[in-house]
Amino acid sequence: MQIRTRLTLLFTLNAAAVLAAVLVYVWWAYKQQNEEDFYKNLESKAAITGYTALVDPEQFRPLPVTWVRPDGDTLPYRDNVSLYNAAYERVFTLRTEAPPISIKNLQNIEAAGNFRFRNKNLHGFGTSIIGNQGIPFMVVTEGYCDPGGAQELAQILAVSFLFGLAAFAALGWYFAGQALAPVSQIMNEVDALRPNNLNKRIKTGKGKDELSRLASTFNRLLDRVEHAFHMQRMFLSNVSHELRNPLTAVRTQIDVSLQRQRSAEEYRSALQSSLNDLREISEVEEKLLLLAKVHNEPGAIQLGPIRLDELLWQAREACLRRVADSKVQIEFQSLPEEEDELVVNGNEALLRTAITNLLENGCKYSTNNQVVLRLLCKPNRAHRIEVANDGPAIPEAEQKLIFEPFYRSPRHLRLKGAGIGLSLVQSILDVHEVHLQVQSSEEAGTVFQLDFPKI
């Protein structure tokens, strides 16, 4: 069932329930008011009869009981006024053929003073009156309250209910269509999107309602999808380029070496060059696999307690092994008294890889392969790690681009690298909710700041 049909049905059912309740109440109130007016008319008749007939109450004697119950339950639709004495005997009646009042109803009249009752199809009212000589009597008036008016009103209300139900259904269908029109527009715009036009966005309008928020949510999703497609295209292009160059170099060296007989030293030189190229390929492959794991399986990464001071020393040792002539200076500031204050939650291998990549990057661009690694301890374990080098400043326009995969600054294309390291660093830190920012200037060099979340 479509949403428009469901909304129309729900709206119609709710409106029908409310309308039916209102119409039933109107019918019930009319019926009650009609009966109330009828009973008041009976009260007026009883009062007039009592004060008129009881001028000389001694003239009233018990009347003989001549009424015989008919075979059926139906009583004649005729009004009547009767007088009863304290012995529950009828002493006066306008219609002798009328059925007498039951003893139970007479007892209720005597006890209550004024009492309303139903006698088959007749409405009755009884009241106690004291005659001029102090003799108590009961005046009973009966009449037939014609239900024709209530029945006609019920028919009118039933017809009105049907017309109202049809009107509510039509209005519900119309307004549901109007309300869902923006949704249909969003669906059409999303359906028209193709991989070659992912730069298009859904119109959000000027409103602040849920549909506008839905369109904005779709646009944010499209931003991520477009970014993913862009990254995929760039990934395929750059991976093929980064792998093609060293593979071409290895193939060329092997082809050249096999063209003629060479000396052992020449063969050794060719194999060493090929080995360096293969190591470069292996390094790119490892970083790509790690980057894919961080992006595709963040929930599978196991976190645990890590001491930051030990982590920095491990990253320093890794950098010294991998980068020749590198110099890494470690500085600790505001160390806490308790060693537990240095413990944070994270994946030791990934964080060590991220810091090592920052150290290698700093050594690559510094003037003397020297990097300063600082640990600034703060309350609530919101510690900061800084990786500083005195290399050339990074332009502000490039400070966000350097974290994209395979981005290489045009100013440093001569330096060896694949442009994956900083992207991997950003991905690892995002998993750990560590905020990374860059401060770079010609005077102070470049500082990468890693701010850990508070505990």
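Predicted model: local features only at pLDDT ≥ 70, side-chain atom pairs only at ≥ 80, totals over all residues.

Mentor: In soluble globular proteins, nonpolar side chains tend to be buried together. Here the largest nonpolar core has 39 residues. Ile-355, Leu-359, Leu-373, Ile-385 and Phe-448 have the most contacts inside that core.

Trainee: Which elements give two or more residues to this core?

Mentor: The helices are α6, α7 and α8 (421–431). The strands are β7 (327–333), β9 (370–376), β10 (384–389), β11 (435–441) and β12 (445–451). With 7 residues, α7 gives the most.

Trainee: What is Leu-359 in contact with, leaving aside its neighbours within four places in sequence?

Mentor: Leu-359 touches Ala-315, Arg-316, Cys-319, Val-328, Val-371, Leu-373 and Val-387. There is also a second, separate core of 12 residues, which includes Ala-46, Val-91, Phe-125 and Val-139.

Trainee: How do I read the pairing of α6 with α7?

Mentor: Look at distance, angle and hand. The axes of α6 (residues 308–322) and α7 (residues 348–365) come within 8 Å and cross at roughly 50°, so α6 is oblique to α7. Their crossing is right-handed.

Trainee: Which residues make the contact?

Mentor: From α6 they are Leu-311, Leu-312, Gln-314, Ala-315, Arg-316, Ala-318, Cys-319 and Arg-322. From α7 they are Glu-348, Leu-351, Arg-352, Ile-355, Thr-356, Leu-359, Glu-360 and Cys-363.

Trainee: How many of them are nonpolar, polar and charged?

Mentor: The α6–α7 contact has 9 nonpolar, 2 polar and 5 charged residues.

Technical notes. Residues numbered from 1 in each chain as written. Heavy atoms only, no water. Axes fitted to C-alpha atoms, helices over the stretch in contact; angles between N-to-C directions. Helix = DSSP H or I, 4+ residues; strand = E, 2+ residues; numbered from the N terminus. Parallel < 35°, antiparallel > 145°, perpendicular 65-115°, else oblique. Left-handed = near helix turned anticlockwise from the far one by under 90°. Contact = heavy atoms within 4.5 Å. Nonpolar A, V, L, I, M, F, W, Y, C, P; charged D, E, K, R; others polar. Core = buried A, V, L, I, M, F, W, Y, C linked by side-chain atoms within 4.5 Å. Buried < 20%, exposed > 50% of the residue type's maximum accessible area, 1.4 Å probe, protein only.
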